[in-house]
Amino acid sequence: MNFEFSEDELLIREQARSFLAEQSTSATVRTVLESDAPYHEALWRQICELGWPATGIAERFGGLELGHLSQCVLAEELGRSLAPVPFSSSVYLVAEALTLAGNDAQQARWLPGLASGEVIGCLASVEGASAPLPRKLATRHAGGKLRGEKAAVVDVTAASLAVVLAADADAGDRPSLFLVELNQAGVSREAVNSLDASRPQGSLRLDAVAAERLGEAGEGEALLSRLLDRAAVLFAFEQVGGAEACLHMALQYTKERYAFGRPVASFQAIKHKLADMFAKIELARGNAYYAAWALSTDAPELPLAAATARVSAIDAYYYASKENIQAHGGMGFTWEFDCHLHYRRAQLLSLQLGGQPWWKARLVQQLLAA
């Protein structure tokens, strides 16, 4: 079985890498990090002009319909460059949720805007320090109105559309997913301090706002589980791209930095660090490729493959970002060096969609079921 990408997908990767190397530099990331802007508008506009948000959306809704594998190669390059744009929230989560569960009217209304980038979406499922599939939801939909508060919503300050998980009174308070326009009365958003301000988070408060059910009543938990499996694969590629960037950064610095008349990279302790980084990255890459196959074919193995890719990618990116700082020595901790940018992003991505302990438990469940 060949898990390599096609020539067209490799060409997309090459072009994306070249574009982002020029347009999404560390200076671009710092522009957002040091301002109140929720994302880099100029970069997002260029990405939308290239059609990247439309990659996985059907042609009848203004998309390119290139499939999940093209999204995977784009995700890897976005992670490598630390692109400060709301791509993952809009594409991996909201567009995918509409594709999975939206009716014809919902898809026709929202997918063209998501494909063009005019609509920015976010997923609001978490209400506190809990798993992404909470059994008890304070957010509730009753009488056609949605009330509650969500926490740690990535891109909420930039979004115009949210997919919200809430208890559904019409389904005996079982969870359902709802589409909520965020530019209406009763919606309030507040940015919160987070480790990676280049991908800002915030709280979302809903006070008797209009909401439209996405999918069937009471099936929110099952739909969210399917959505998280798909998004986990794409996030894994972002993490692999970021981890590889850390390895290259550490290798380049230690080859150029001298101590006792020798390149730092020639010392055994540094060689071991770099070798361990490489081993973890290659393991994560292999798992991500297998998960990409499962995602693109909608294989029954997708839940297991997604959990495996998620766990190994979290581990690889965190380890690589941490050891990259160590390889830079005392300079790695300073604001002037870019090591901390990857460390921040690694921490953020390790918590989105649920942390590593939750995904490890999900992996065990899938293994036992298999």
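How much space lies in the second largest pocket? In this predicted model, whose residues are numbered from 1 along each chain as its sequence is written, local features need a pLDDT of at least 70, side-chain atom pairs count only at pLDDT 80 or more, and totals for chains, interfaces and linings use all residues. Side-chain values use heavy atoms, with hydrogens and water left out.

The second largest pocket holds about 380 Å³ of space. On a 1 Å grid over the protein atoms alone, a pocket is an open set of points with protein on both sides within 12 Å along at least five of seven lines, whereas a cavity is a set of points where a 1.4 Å probe fits but cannot get out, and lining residues have an atom within 4 Å of a point. Grid points are joined across faces, edges and corners, and the volume is the space filled by probe spheres set on the points. The lining of the second largest pocket consists of 20 residues, and Arg80, Ser81, Ala245, Met249 and His342 lie nearest the centre. Two or more lining residues come from each of helix 1 (7-23), helix 2 (26-33), helix 4 (68-81), helix 7 (220-256) and helix 10 (339-351), where helices (H or I, at least four residues) and strands (E, at least two) are DSSP runs numbered from the N terminus. By residue type, the lining divides into eight nonpolar, seven polar and five charged residues; Ala, Val, Leu, Ile, Met, Phe, Trp, Tyr, Cys and Pro count as nonpolar, Asp, Glu, Lys and Arg as charged, and the others, Gly among them, as polar.

Arg80, one of the residues nearest the centre of this pocket, also forms a salt bridge with Glu77, the closest N and O atoms being 3.0 Å apart. A salt bridge is a side-chain nitrogen of Lys or Arg within 4 Å of a carboxyl oxygen of Asp or Glu, and the structure holds 23 of them. Because Arg80 and Glu77 are three residues apart in helix 4, about one helical turn separates them. Both Arg80 and Glu77 are buried, a word that means under 20% relative accessible area, with exposed meaning over 50% and partly exposed in between (1.4 Å probe, protein chains only). The two residues also belong to a network of salt bridges that links Arg13, Arg17, Glu76, Glu77, Arg80, Glu244, Glu282 and Arg285.

Other salt bridges join separate parts of the chain. The side chains of Asp338 and Arg30 meet at 2.9 Å, N to O, and this pair links Asp338, in the loop between helix 9 (302-327) and helix 10, with Arg30 in helix 2, 308 residues apart. Asp338 is partly exposed at 24% relative accessibility, whereas Arg30 is buried, with a relative accessible area of 12%. A salt bridge is likewise formed by Asp298 and Arg230, whose closest N and O atoms are 3.0 Å apart. Asp298 lies in the loop between helix 8 (268-297) and helix 9 and Arg230 lies in helix 7, so this pair ties together parts that are 68 residues apart in sequence. Arg230 is buried, at 8% relative accessibility.

Attention now turns to the nonpolar interior. A nonpolar core is a set of buried Ala, Val, Leu, Ile, Met, Phe, Trp, Tyr and Cys residues joined through side-chain atoms within 4.5 Å. The largest such core has 113 residues, and those with the most contacts inside it are Trp52, Phe87, Tyr92, Leu98, Leu204 and Phe237; helix 7 supplies the largest share of this core, 16 residues. Leaving aside residues up to four places away in sequence, Tyr92 touches Ala75, Leu78, Phe87, Leu227, Ala231, Leu234, Phe235 and Glu238, where contact means heavy atoms within 4.5 Å.

His40, in the loop between helix 2 and helix 3 (41-49), is buried at 19% relative accessibility and, not counting residues up to four places away in sequence, touches Thr28, Thr31, Val32, Pro84 and Val85. Asp173, in the loop between strand 4 (161-168) and strand 5 (174-181), has a positive phi of about 65° although it is not a glycine, and is partly exposed, with a relative accessible area of 39%. Ala208, which lies in strand 7 (residues 201-210), is also not a glycine but has a positive phi of about 55°, and its relative accessible area of 27% makes it partly exposed.
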